Every structure is written in C-alpha cells, then in structure tokens.
Amino acid sequence: MKPTLFLLAAGMGSRYGGLKQLDGLGPNGETIMDYSIYDAINAGFGKLVFVIRKDFENDFRDKIISKYEGHIPCELVFQSIDDLPEGFTCPEGRTKPWGTNHAVMMGANVIKEPFAVINCDDFYGRDSFQVMGKFLSALPEGSKNVYSMVGFRIGNTLSESGTVSRGLCGTDANGLLTSVVERTKIQPMDGEVKYMDDNGEWVATPETTPVSMNFWGFTPDYFGYSCEFFKGFLSDPKNMENLKSEFFIPLMVDKLIQDGTATCEVLDTTSKWFGVTYPEDRQSVVDKIQALVDAGEYPAKLF
C-alpha cells in the first residue's frame, strides 16, 4: 500500500493573509508546496490529504487542488477550534487553532495507511521524501507503534538572515529518538554551529546534529493515541485558561516514547531544508530553487 502525504495547510490564511499570497517562488510561479508534492509523487506516495480551514475550501479547490488532479488523488479535511472530543467546549475568546497535532487528528477518517506529515510552506528536498517514502513503504501491513522522523542535519537548516529555532534531537545507539529539545537561538559563529543554552551561553554542536523540521512518519494507530492524550491536554485547566496553548506533534511523540508505547526512528537525510523564516529570506529561496532547476534537479514546470 502506498503511503499518504498529509500537508498541514490550516495556518495558511493567517500566515499569508490569504491564498493569493501563497507565494510563487519557482521559475513558473511554483510554490514551495508544489516542490514537496512533486518530490512525494516521485518517492512513491499515493495520495495527498490537506488539512485546511473550512472557509478556504472553494478557493483552495480552485487554486491548489486543480493543479494536482490527474497526477495524484487529493482529499481535504478541515481543522476548526470547535472540533473537540465529546464533553469539551472551546473556551470563550479563543481564536488560535489547537496546534499541529490537533490538525493531524483531522485525518483520522480518511487515512487508513502509513502516512507522512509535513508543513506546506517548508522546502524539504528530494532526498528527505525518498528516505521517508522508503521507511513507510517497507512497514509490514498492520504495523503499529513504529514511527519515524526525518532528522535534518542542523548545518543544512540555517538562515542567512538571523538566528533560528530548532528542535535538537537526542538519539540512542539504534538511531531511535530519545528527546527533542527546542533551542530558540541557533546560528553559525566562528566557523561552527552554535546555540544559546539555558544559561545564555553559546554552545557548539556538530553540523550533523539531527533536528526536527516537522516531517514525521506515522501509522493510523497514532490517531487513537492522539485523541486520548488530547482529552488529557484539554482537562488541564492551564491549557484551557491559556487561549494560545497548543497541542504539538513533538508533545505527543515524546509522551509515546517516554511511556514505551512507540519508537520513532530518526532518518538521516542529505537534503538541505529552507523556507521563508524572515521576509528577507524570500530572494534567497527563489535563488536556491532556480539553482536546483538549473542543475536539472527539477523541471522548469512541475505541473
């Protein structure tokens, strides 16, 4: 069974001020998402599922889905702040979505096969889709509790425009994830990659240190765990009182690892991640994509 690619697109409107600003960065106006989908098709993924806001549906079908028809089957699911387990209601005044893992939960009714989760606005690169596609395709039918994450080498994920936040991954001798520690200030310094630790000191880390860029691989049992844990998350008064609390994927994965319920293999990739972290990154991304097209990595027109 071919794996599915699940694209987190629910935040598009807030982040871009609407679909019209889904920025064309490739030579023929291609978006970063176009490149991810092109790479996923070539890596053997068999279906796309997008999670979006319901009020985007018509616009999204017209401008986005129509491009991929005939290339790969597509489905839409919707994230809403009111979509909560029975017995819970959205706190008054909350406008912020419940986070990436809540978005993933929206796929439970349409995804019955192994699946990968990505951000729609990150450029992950061909090799990352190949290693994830290979991992998911090799899982025995009915697999449970065996997850994965593409671990980008930290040196391949930095911005030329300032510091970045990354989840630095700890692994055991078998390459399984043991921890993800969020570091909010990372940059190249004195020929090394350094991050600021909890004491405000700059600490060097190898360029090959794996970091999480929100590229995960799961099997459908993950939905059930997420639903149960989300009830616990909502039952905690501090998460309900904080109108910006979010249920993130690493929170869920970390719980399953610490409980001994699941493992998460960290997949090494040579791909260079990039994205528009700062407005001034835009031209650099345009140039990087053009260089990949010039080198023959991608055709000038994708779809």
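What follows covers cavities, then charged side chains.

Mentor: This is a predicted model, where local features need pLDDT of at least 70, side-chain atom pairs count only at pLDDT 80 or more, and totals for chains, interfaces and linings use all residues. Residues are numbered from 1 along each chain as its sequence is written, and side-chain values use heavy atoms, with hydrogens and water left out.

Trainee: How many cavities of 30 Å³ or more does the search find?
Mentor: A cavity is a set of points on a 1 Å grid over the protein atoms alone where a 1.4 Å probe fits but cannot get out. Volume is the space filled by probe spheres set on the points, joined across faces, edges and corners. Here the search finds 2 cavities of 30 Å³ or more.

Trainee: Which element gives the largest share of the lining of the largest cavity?
Mentor: Lining residues have an atom within 4 Å of a point. Helices (H or I, at least four residues) and strands (E, at least two) are DSSP runs, numbered from the N terminus. H9 leads with 3 residues. Strand S13 (274-275) and helix H9 (282-294) each supply at least two. The lining includes Trp273, Phe274 and Lys288.

Trainee: And which residues line the second largest cavity?
Mentor: Leu177, Ser179, Val180, Trp216, Pro250, Val253, Asp254 and Ile257. H8 provides the largest share, 4 residues.

Trainee: Now charges. Where do the side chains of Arg61 and Glu57 meet, and in which helix do they lie?
Mentor: Side chains of opposite charge can pair when their charged atoms come close. A salt bridge is a side-chain nitrogen of Lys or Arg within 4 Å of a carboxyl oxygen of Asp or Glu. By this rule there are 16. Arg61 and Glu57 meet in one at 3.0 Å, N to O. Both lie in helix H3 (residues 57-68), 4 residues apart, about one turn. Glu57 also bridges to Lys54 at 2.6 Å, N to O.

Trainee: Is Glu57 buried or exposed?
Mentor: Buried means under 20% relative accessible area, exposed over 50%, partly exposed in between (1.4 Å probe, protein chains only). Glu57 is buried, at 16%. Arg61 is partly exposed, at 39%.

Methods. On a 1 Å grid over the protein atoms alone, a cavity is a set of points where a 1.4 Å probe fits but cannot get out, and a pocket is an open set with protein on both sides within 12 Å along at least five of seven lines; lining residues have an atom within 4 Å of a point.
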